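User: I am new to this structure and would like to learn how to read its features. Please take me through them step by step.

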Amino acid sequence: MNSTRFHEQSPPIRPLPRWRRDWCLSIFVSGLVLAGLSLPARAQESPYIVTYDHYLEEPGSLEVEYFSTFGTQRGGNDFLAFWTEFEYGATAWWTTELYFDGQSTFDDSTLFTGFRCENRFRLLQREHFINPVLYVEYEQTSGADKILKEVEGHDVEADYAIPNALARNEHDHELESKLLLSSTFKGWNIAENTIATKNLTGGNPWEFGYAIGASRWLALKATTNRCNLCRENFIAGVEMYGGLGDRHSFGLRDTSQYVAPVIAWNLPSDWTLRLSPGFGLNDNSHGFLLRWGVSREFSGFGEAMKRLFGGHQP
Amino acid sequence: MIPTTAATKFKTKMRVGLQYASILVIVAIPLAARQKEDCTHETKNDSIYAELEKAPKKAVARRNPLEKDPDAAVAGGKLFVLHCAECHGDMAEGGRRAPSLLAEQVQRVTPGTLFWILTNGVVRRGMPVWSKLPEPQRWQIVSYLKSLTPAGKSPQ
């Protein structure tokens, strides 16, 4: 984030351009259509919101997710950031995702803040003690983006205090890569992500960050009957994430760090709910972040699309 | 209000970016469909069952810790419907996307082999890994599969 924005003159907020409104509307309508489709669905999602484990989307399945982050802000207004994810399993070793971000800052305005396109590639065919996945993301966001999906470099709370009218004038084109390592044993999952990000605008250095998470099923054996509140439907854990500085100043100095308990409720009705209260661990961090999300997975989406567009029928 | 040059550039770049993103999604969907088509052909081919023979000896020899649990197969049936039936069919009879699990090649292998294939998947052929399910749940699915009547045999 660029602190020089503080000194800029604040232009008045303009209404969203028509093409952007159309995009937002189409995303919303697509979500509704998908929710209404009679595609079979299943839910078995990890509770992490920031950390990734090594499990990819099942091939041909589409997962539609909505997440929200409420953040407290010292020296500015609290905010509610939100994003919608469309996660598609292209193959059993490749998952591709499209995100659309937005935010509302209290007593300020609501903005569409950009999009992200990410791909995850499973590097090994079989399960091992540690399973690596390569993550590559391109994002085009404005400086007003506040989803805090990952924290990297010297991102600090003060960066998010800038009024939207100024922050939206900063445009970031970032290339982000992650190495996701994850292990599963005895119902536990341990995941470690290392992040390296390059802002393609200007001569910004590579920035680094991390996310680690541990989670466990509340019950390892399934019961014989279908139930909503059985312990087998819950996965709980904790994740920790933060910045690691940049190429010129690697380390924890002037970075923000968070710890967040997480819980996921996988409903038999094929919905997954996630909740995660997060807490800043130093003075550079937001004091409190409350994240929640709802997702639904549509298996057979690829085939449905194929049928819709007149593909081969056996 | 006259938009700034930077804002105009941003809008243009965003439009281009969204177009690229749409193209990526459009490319990914047929790719997955093609992979499934390949699987359709493979279901007709015995070679898909050859994956079972790749299980290491140690995995083959593993015993189902829930084999004496009378509820294991019932719970496994529930899990099968949730996670497996979409591809393998409601009665494990197989489908366009995955082979029958009632086939003799599947029914004759040890529970350890089934557990191994469930854990590791057959990623190259489109079957995801299922190690995200805890071990006892995977064994419950194995119990269910072993409780099925193999194709060509009448139920006891």
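Analyst: A definition comes first: two strands pair if DSSP finds at least two bridges between them. The model here is a predicted one. In chain A, strand E10 (residues 257–266) and strand E11 (residues 271–280) run antiparallel and are joined by six bridges. Within this pair, Tyr258(A) stands opposite Gly280(A) in E11(A).

User: How many helices and strands are there in chain A?

Analyst: Chain A has three helices and 12 strands.

User: In what order do the 12 strands close into a barrel?

Analyst: The order is E1-E2-E3-E4-E5-E6-E7-E8-E9-E10-E11-E12 in chain A, with antiparallel pairing. On average, neighbouring strands of this sheet are turned by 20 degrees against each other, direction ignored.

User: Which residue is the bridge partner of Val64(A) in E2(A)?

Analyst: In a regular strand, side chains alternate between the two faces of the sheet. As for the partner, Val64(A) has Phe86(A) in E2(A). The antiparallel pairing of strand E1 (residues 62–71) with strand E2 (residues 79–91) in chain A extends over 10 bridges.

User: What joins E2(A) to E3(A)?

Analyst: A hairpin does, through two residues. E2(A) and strand E3 (residues 94–105) of chain A run antiparallel, with 12 bridges between them. Thr84(A) stands opposite Phe100(A) in E3(A).

User: What share of the residues of chain A counts as buried?

Analyst: A residue is buried if 20 or more other C-beta atoms lie within 10 Å of its own. Of the 314 residues in chain A, 45% count as buried. Among contacts in chain A with a separation of 6 or more, 66% come from residues 24 or more positions apart.

Terms used:
Residues numbered from 1 in each chain as written. Chains lettered and ligands numbered in written order. Predicted model: local features only at pLDDT ≥ 70, side-chain atom pairs only at ≥ 80, totals over all residues. Helix = DSSP H or I, 4+ residues; strand = E, 2+ residues; numbered from the N terminus. Buried ≥ 20, exposed ≤ 12 C-beta atoms within 10 Å, placed from the backbone. Contact = placed C-beta atoms within 7 Å. Axes fitted to C-alpha atoms, helices over the stretch in contact; angles between N-to-C directions.
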